Amino acid sequence: MGNLANLLLLLVILLNFFILGSSRLGACIQTAALQGALLACVPLLMNPISGHTLFLAGSALALKGVVMPWLLFRAIRQVRIRREIDPMIGYVPTLILGTVATAGAFIFSDHLPLVAAHRGSLVIPCGLATLGAGFLMMITRRKALTQALGYLIFENGIFIFGLLLTEAMPLMVEAGVLLDLLVAVFVMGIVVNQINREFSSLNVENLSLLRE
Amino acid sequence: MAILYPAAILIMLISGLPAWLAGNGLAVRRAEALSALLLAGGSLLGLTAVLGSLASQTSPQTAWVWSLLPGARLALRLDGLAAVFLLPIFLISGLGAIYGLGYLPQAKMGAVSGRVRLLYGISSASIATLPGCQNAILFLLAWELMALASFLLVLTEQEKEESRRAAFVYLAYTHTATLVLYAFFVLLARQTGSFDFPSAASLNAASPAARALFLLALFGFGVKAGIMPLHSWLPEAHAAAPSHVSALMSGVMIKMGIYGLVRVSSFFFNIPPWWGAILLTLGVLSAVMGVAFAIAQHDIKRLLAYHSVENIGIILIGLGLSLLGRSFGRPALTALGLAGALLHVINHGLFKSLLFLGAGAVIKATGTRRLDACACGGLLKLMPVTGLCFLGGAVAICGLPPANGFVSEWLIYLGLLRSVSGQSGFSPLGLAVLAAPFLSLTGALAVACFVKVCGVVFLGEARSKREPSIAEAPLSMRTPMLILLAACLLIGVLPGMVLPLLARALGQLGALPSGSDTLNALAPAGGITLSALLLAGTGGMILWLRRQLSARAAASGTWGCGYLNPSPRMQYSAASFAELLTGLFSWGLRTEIKGEPPFGFFPAPARFADHTPEVVLDLILYPLCRGASRLAFRARTVLQHGVLGVYLLYVALTLGLLLALAL
């Protein structure tokens with residue numbers, strides 16, 4: 001069981017790199033959806049199957065794997081863009097930074113004072129690496145859509161951390177987190193449309209015109 | 001009887017409510033009188049408590065458990081040191097409330113006056129709480145209440161730009177001080193293990209924590225006391241507040257800084273010499289520069305405020321001497337220095353509030369604080385009682401017999417001169433005697449300053465035709481002044497009366513030498529009484545003789561050196577009288593002079609004006625703050641540019657830094 005979960009987590013890290021290095025929005029959304037779907041399976045592998053884990057896995061799969069990609073695809077159809085043209089930092093440097101962040105995450109989690117049960121597990125470094133990838137995505141990309149994707153990946157990182165706590169965390173909290181995410185992507189979708197209508201581009205830098 | 005003191009505080013705290021609630025309404029006169037009566041009654045009760053504790057030689061204590069805040073206790077204790085500070089507090093706040101009836105009559109001033117009464121009551125009550133506090137949290141609460149109430153009192157004339165500036169400078173200063181005091185009390189609590197004050201001489205002063213405690217206390221309490229480099233809020237705030245509030249602030253509130261220093265230094269034993277040396281040096285600086293700044297002022301209340309700095313300096317000299325006495329094991333020095341400092345606390349409270357009340361009467365009559373205003377000059381004829389009281393206060397503040405200022409300065413002189421006697425060879429303690437010439441310089445400059453004030457305001461002639469409405473202050477303002485004058489003269493003539501009060505405080509602080517070397521033996525108060533009576537007798541005789549002679553002398557105009565068309569404008573002005581002395585101190589005063597002297601045989605009309613800035617505030621702090629604000633603005637334009645990605649980078653970097661720190 002544990003081996004399968006670790007394999008899935010390694011896949012998640014690989015998908016991080018794919019998203020960081022890809023310029024095509026459609027591929028990025030698909031990858032994020034795949035990542036979400038993989039993650040939704042992990043709690044089933046790590047914990048004994050119960051109503052709680054089933055609900056968690058089911059709702060995560062539905063939201064991360066289906067609803068949100070669908071929302072984002074709809075958004076790119078509406079605004080008719082396919083690629084992130086010029087990110088603030090190029091793709092290769094972003095990939096290198098992502099590698100550094102992942103390596104850092106592994107080194108850092110070695111030094112953390114963990115419970116014996118979690119020592120040596122991939123959950124912590126994988127979570128940290130995914131958080132870092134999400135952050136990198138949000139920092140380096142200009143388009144509102146890619147930033148929304150970055151946010152999604154960031155949330156995946158938090159979800160991985162949450163895996164350690166599935167037993168401890170009440171159901172309502174998890175449901176709340178998922179709902180939160182959905183609303184955030186929703187809002188992002190609206191913002192994408194509004195930016196597009198106002199400035200006829202999707203660059204969030206235009207928002208800085210609004211500062212005082 | 002222990003309940004008297006807290007009861008007095010409570011009555012004072014709520015005393016302003018009737019007047020405040022009456023506002024602009026119908027029954028303002030009665031509400032105002034009720035408020036004044038409550039405050040005066042509260043202070044009488046407080047005075048009874050203080051005198052009762054003196055008579056019975058006990059320290060009434062009250063302590064209630066108070067579960068509101070962890071570590072806090074409602075613990076009040078009226079010990080010897082508290083009694084010394086409470087005596088002027090109760091006397092002056094009560095008299096000030098009566099004075100307010102005439103100074104800010106609610107029937108005329110409306111709601112402003114009611115608000116001042118409310119805040120005045122809160123302010124006096126919180127000040128009266130401080131000396132009795134036995135718990136740091138209670139102390140800080142009362143301290144902050146005092147600061148906020150007096151901040152709002154400084155804002156009384158909030159429509160004036162000047163008042164708002166004064167109030168904000170005061171707020172900034174007092175909050176900096178409170179912040180430092182928070183650090184002080186937390187550190188103290190870590191040393192002692194609880195927020196209750198430690199007992200006298202229970203902490204070792206040789207530890208590094210004690211060094212930090214002393215420096216924090218010196219800064220925190222020093223700002224409130226107005227020690228020289230930290231005094232800048234004082235002239236502004238005292239000038240902007242109503243006169244009886246200035247009397248309370250200058251006479252009583254700034255003494256809470258001194259109280260804090262005395263109380264804190266009493267916690268320690270094994271005090272290193274540099275503590276006393278620092279206090280002595282700061283005292284000399286405050287005394288000399290305070291009076292030098294006072295001479296350069298043309299605003300009567302600013303001038304009096306700088307004299308507060310000077311007198312705080314004199315008190316610090318006494319305090320520094322007492323600490324030096326402890327360090328070098330000379331109990332006589334400790335007793336004389338501390339007795340002089342504590343007596344000067346009482347004396348300065350009495351004569352400074354007398355002067356502020358007198359200045360208030362002049363300001364109310366003429367409508368201006370400026371000394372060279374046209375209405376000033378020759379006021380003694382129109383306001384004889386006010387003039388007499390102000391003159392009496394001036395004699396006292398200059399340290400001249402037969403008033404009380406002389407007695408406390410005499411005690412300090414005795415201590416300073418004793419620092420060289422009774423030892424062979426050189427000792428660093430002997431350097432303390434160098435403060436004595438500075439102290440006498442201060443006294444001489446104070447005389448010059450008050451000759452200037454009394455001369456310009458009360459003597460001479462009005463500079464131009466003035467309003468015919470100028471008249472003597474009403475009874476409600478005259479009575480407090482006369483009572484204060486009487487108190488000043490009483491202590492000046494019969495200092496033996498207050499020595500038991502001081503001896504008790506010194507005894508409880510462990511500053512009284514054992515054996516036959518008691519305070520009375522160190523400072524023969526009887527001699528003062530004798531010399532004061534002798535002086536008063538001689539003075540009276542001279543006055544009587546002059547009156548006898550002047551009956552025969554004819555009155556005529558002043559000889560004008562042959563100039564035939566003299567006018568009242570040709571008198572000495574405040575600036576011209578002080579010009580020699582301000583010139584001597586120009587290295588520190590930075591007086592700005594505008595205008596040129598007349599030149600040639602038929603000179604064109606010439607103008608002359610001088611202005612002395614508040615050096616620390618205007619020339620150091622303001623430019624510093626302006627620079628800091630400009631830097632911050634520049635940093636903001638660099639950091640805050642509206643690019644979302646970079647903001648996220650800040651978040652990521654902070655997160656990374658925190659994680660790295662956590663490892």
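Is Q57(B) buried or exposed, and how many C-beta neighbours does Q57(B) have inside 10 Å? Q57(B) counts as exposed because it has 10 such neighbours. This is a predicted model: local features need pLDDT of at least 70, side-chain atom pairs count only at pLDDT 80 or more, and totals for chains, interfaces and linings use all residues. Residues are numbered from 1 along each chain as its sequence is written, while chains are lettered from A and ligands numbered from 1 in the order in which they are written.

**Terms**

- A residue is buried if 20 or more other C-beta atoms lie within 10 Å of its own, exposed if 12 or fewer, and partly exposed in between, with C-beta atoms placed from the backbone.
- Helices (H or I, at least four residues) and strands (E, at least two) are DSSP runs, numbered from the N terminus.
- Two residues touch, or are in contact, if their C-beta atoms, placed from the backbone, lie within 7 Å.

**Chain A**

- Chain A has 7 helices and 0 strands.
- Of its 212 residues, 40% are buried.
- Take the contacts in chain A between residues at least 6 apart in sequence: 74% of them join residues at least 24 apart.

**Nonpolar cores**

- A nonpolar core is a set of buried Ala, Val, Leu, Ile, Met, Phe, Trp, Tyr and Cys residues joined through C-beta atoms within 7 Å.
- The largest such core holds 219 residues, and those touching the most other members are V84(B), I317(B), A339(B), L354(B), C488(B), L502(B) and L506(B).
- Helix α15(B) gives the most to this core, with 20 residues.
- Another core lies apart from it, with 52 residues, among them A32(A), I124(A), A129(A) and L163(A).
- Leaving out residues up to four places away in sequence, I317(B) touches L280(B), G283(B), V284(B), A287(B), I412(B), A435(B) and L439(B).

**Covered helices in chain B**

- Helix α21(B) covers residues 499-508, where L499(B), L501(B), L502(B), R504(B), A505(B) and L506(B) are buried.
- The cover over the buried residues of α21(B) includes α3 (28-56), α4 (80-103), α15 (331-366), α22 (519-522) and α23 (525-550) of chain B.
- After α21(B) comes G510(B), with a positive phi near 70°.

**A buried glutamate**

- E310(B) sits in helix α14 of chain B, residues 300-327.
- E310(B) is buried because 26 other C-beta atoms lie within 10 Å.
- Not counting residues up to four places away in sequence, E310(B) touches S286(B), A287(B), G290(B), V291(B), A294(B), T442(B) and A446(B).
- E310(B) and A294(B) are 16 residues apart in sequence, and their C-alpha atoms are 8.7 Å apart in space.

**Backbone features in loops**

- Q57(B) is in the loop between α3 and β1 (61-65) of chain B.
- Its phi is near 55°, a positive value in a residue other than glycine.
- N270(B), which is not a glycine, also has a positive phi, of about 65°.
- The loop holding N270(B) runs between β4 (268-269) and α13 (273-295) of chain B.
- N270(B) counts as partly exposed because it has 13 C-beta neighbours inside 10 Å.
- P401(B) and P402(B) are joined by a cis peptide bond, with omega about 10°.
- P402(B) lies in the loop between α17 (384-397) and α18 (404-418) of chain B.
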